[in-house]
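Please keep the sequence and the model open while reading the points.

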Amino acid sequence: MKSVRRQYDAWAHVYDLVWRRYANRTLDALLERARFTGGRTDELEILDVGCGTGILEEKMLSDGYRGAIVGVDASTEMIRRASDKLFDATNVFFRSADAADLPFPDATFDAVVTASMLHYVPDPVAVLMEMRRVLRRDGTLYALDWCSDYKTIRFRNALLRLVDPAHHSTYTTEKIHVQLEEARFRITRYETFRSGTYGLYYTEAVPE
């Protein structure tokens with residue numbers, strides 16, 4: 001994860017400018033499906049793994065979310081930018097952390113969210129197991145990422161593995177299901193869809 005940290009420390013000051021359109025599309029798609037706002041969902045304690053500059057947190061707050069959100073990211077500069085943007089939000093907290101070694105006790109969160117992050121990690125199962133560890137028994141994992149079922153993503157995956165040291169791999173639906181099962185999650189919802197030129201998967205899963 002050192003290459004990820006170095007790359008995003010360098011990109012933090014321009015990340016929102018370069019990736020805002022992609023982030024808006026994909027995070028809107030996630031939030032439309034997860035529906036964290038309204039009713040008892042506003043009482044959830046949510047962990048956002050790979051939070052970047054806090055765009056998801058911005059969106060949730062603008063939607064009126066009132067529960068606690070903790071965002072973690074390997075890049076200290078991304079965390080610094082997120083903290084600066086949302087310095088006055090009393091229910092949002094950010095800290096730098098490795099996704100494979102989350103600095104929280106077991107069963108801390110009602111929900112764990114991760115968006116466009118898992119293709120950076122060399123061992124997705126280990127990261128998913130760590131997410132399951134910090135989830136409460138009745139909690140839910142909400143994950144969105146690139147899916148190799150789509151030709152455009154297979155092409156991006158092959159290209160990025162050659163030119164981007166931070167990128168690790170994307171996966172097919174079959175492999176994603178295997179990873180979740182190996183991490184002892186039970187899938188309760190799964191779908192693939194397109195967003196612009198990106199082919200994505202969205203899943204909800206609960207601890208076994």
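1. Basis. This is a predicted model, in which local features need pLDDT of at least 70 and side-chain atom pairs count only at pLDDT 80 or more, while totals for chains, interfaces and linings use all residues. Residues are numbered from 1 along each chain as its sequence is written, and side-chain values use heavy atoms, with hydrogens and water left out.

2. Side chains of opposite charge can pair when their charged atoms come close. With a salt bridge taken as a side-chain nitrogen of Lys or Arg within 4 Å of a carboxyl oxygen of Asp or Glu, the count comes to 13. One of them joins Asp-16 and Arg-81, whose closest N and O atoms are 3.7 Å apart; because Asp-16 lies in helix H2 and Arg-81 in helix H4 (residues 76-85), this pair ties together parts that are 65 residues apart in sequence. Helices here are DSSP runs of H or I with at least four residues, and strands are runs of E with at least two, numbered from the N terminus. Asp-16 is buried, with a relative accessible area of 11%, whereas Arg-81 is partly exposed at 30%, where buried means under 20% relative accessible area, exposed over 50% and partly exposed in between (1.4 Å probe, protein chains only).

3. Further salt bridges. Lys-85 forms a salt bridge with Glu-58, the closest N and O atoms being 3.0 Å apart; Lys-85 lies in helix H4 and Glu-58 in helix H3 (residues 55-62), so this pair ties together parts that are 27 residues apart in sequence. Within helix H4, Arg-80 and Glu-77 are three residues apart, about one turn of the helix, and their closest N and O atoms are 2.3 Å apart. Arg-80 is partly exposed, at 44%, and Glu-77 is also partly exposed, at 30%. Salt bridges that share partners join Asp-16, Arg-20, Glu-58, Arg-81 and Lys-85 into one network.

4. Aromatic rings. The structure holds eight aromatic pairs, meaning rings of Phe, Tyr and Trp (its six-membered ring) whose centres lie within 6.5 Å, with planes under 30 degrees apart counted as stacked, over 60 as edge-to-face and the rest as tilted. Trp-19 and Tyr-22 form an edge-to-face pair, at 5.7 Å centre to centre and 80 degrees between the planes, and both lie in helix H2 (residues 15-34). Ring pairs link Trp-19, Tyr-22, Trp-146 and Tyr-198 into a cluster. Arg-156 lies over the face of Tyr-198, at 4.0 Å from the ring centre, where a charge sits over a ring if NZ of Lys or CZ of Arg is within 6 Å of the ring centre and within 35 degrees of the ring normal.

5. Backbone angles. Most residues other than glycine have a negative phi. Arg-35, in the loop between H2 and strand E1 (45-49), has a positive phi of about 50 degrees. Arg-184, in the loop between helix H7 (173-182) and strand E6 (185-195), has a positive phi of about 65 degrees.
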